Structure formats: C-alpha cells, structure tokens
Amino acid sequence: MDEKLIREVVLSFRTMQRKIHHYLQEEATKRDITTVQLFSLGTLKREPHLTLGELAERVRVNKSTMSGIVDRLVKANYLTRGRDEGNRRALNLQLTPEGLAKVDETYDVFFDRLEAVLEIDSEEFRAMLATHDKMIALLERKGEAE
C-alpha cells in the first residue's frame with residue numbers, strides 16, 4: 001500500500017478527532033464542566049452503578065485521577081457514591097438528576113453541532129466503521145506480537 005495514503009488517512013483521523021474534541025470541549029466549558037467529567041457522566045448514564053475502578057477503565061484514566069474527578073462531580077452534586085450490597089468495600093457511583101440533566105444538555109447541543117455530517121450516507125458511515133474496526137484489530141494484533 002502507498003505510504004503517502006496511509007499518512008493522509010492517519011492525519012485525517014487526527015484532524016477529525018481534534019475537531020470533534022474541540023466542539024465537545026467548547027460545549028462542556030460553556031456548562032462549567034470538563035470533557036473528562038462529561039465523559040464520566042456519559043459513561044455512568046450508559047452504564048449505571050459502575051465502581052470507581054470500572055469508570056476509570058472506561059474513561060481510560062488511572063484510579064487516582066478518577067477519584068479526583070469523582071470528588072469534584074460529587075461536590076457539584078452530579079454524582080452520588082453508594083455502597084455495593086454485594087461488596088461493602090466497593091463504591092457504586094450514580095448520576096443525580098442534576099448530573100443527568102448536565103450530560104443530556106451538553107451532549108444534545110454537541111450533537112446538534114455535528115448535524116452537518118448527516119449529509120453523509122449511512123452506508124458510507126458503516127463502511128468507515130468497518131474499516132476503522134479492521135485497522136484497530138490489525139494494529140492491536142501487531143502490538144500483541146511485539
């Protein structure tokens with residue numbers, strides 16, 4: 001394969017990721033929240049009752065960093081901590097109504113900003129996702145072999 005084409009694809013991924021992150025950061029900042037706090041709230045919306053360690057894993061930060069993030073989200077009344085009935089040492093994290101409202105409001109505005117990409121056909125998106133999945137699998141397999 002053409003090395004120049006691979007570079008163009010990689011740079012295109014990076015540009016798209018930066019643009020999306022910039023939009024998300026702008027919307028989060030307008031609502032007095034960081035993107036990592038927003039990712040954390042969004043993850044808990046999709047997967048309620050995660051432990052601190054599970055949330056850290058999903059958001060891809062270490063547990064001590066996540067502990068600080070959770071502390072700030074609890075202080076802002078976006079999260080509560082509760083004990084897991086099955087494991088009294090584990091804390092379950094739950095969104096408060098304020099946390100749910102914050103994540104919904106921010107993501108609604110964020111996705112409104114991305115509406116322009118809806119001009120792209122669904123089949124093109126499916127093909128792109130399939131290609132991304134294949135590339136990720138190949139890179140992970142290569143990484144495991146090293």
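Helices (H or I, at least four residues) and strands (E, at least two) are taken as DSSP runs, numbered from the N terminus. On this basis the protein comprises 6 helices and 2 strands, arranged along the sequence as α-α-α-α-β-β-α-α. The model is predicted: local features need pLDDT of at least 70 and side-chain atom pairs count only at pLDDT 80 or more, whereas totals for chains, interfaces and linings use all residues. Residues are numbered from 1 along each chain as its sequence is written, and side-chain values use heavy atoms, with hydrogens and water left out.

The C-alpha trace spans about 55 × 40 × 25 Å along its principal axes. Of the 146 residues, 25% are buried (under 20% relative accessible area, with exposed over 50% and partly exposed in between; 1.4 Å probe, protein chains only).

The axes of helix 3 (residues 52-59) and helix 4 (residues 63-75) come within 9 Å and cross at roughly 105 degrees; axes are lines fitted to C-alpha atoms, for helices over the stretch in contact, and angles run from 0 to 180 degrees between N-to-C directions. Contact (heavy atoms within 4.5 Å) is made by Leu52, Gly53, Leu55, Ala56 and Val59 of helix 3 and by Lys63, Met66, Ser67 and Val70 of helix 4.

Arg31 lies in the loop between helix 1 (3-30) and helix 2 (35-46) and is buried, at a relative accessible area of 13%. Beyond its neighbours within four places in sequence, Arg31 contacts Lys102, Glu105, Thr106 and Val109. The side chains of Arg31 and Glu105 are joined by a polar contact of 3.0 Å (a pair of N or O atoms within 3.5 Å; within protein, one must be able to donate a hydrogen and the other to accept it, and residues adjacent in sequence count only if both atoms are side-chain atoms).
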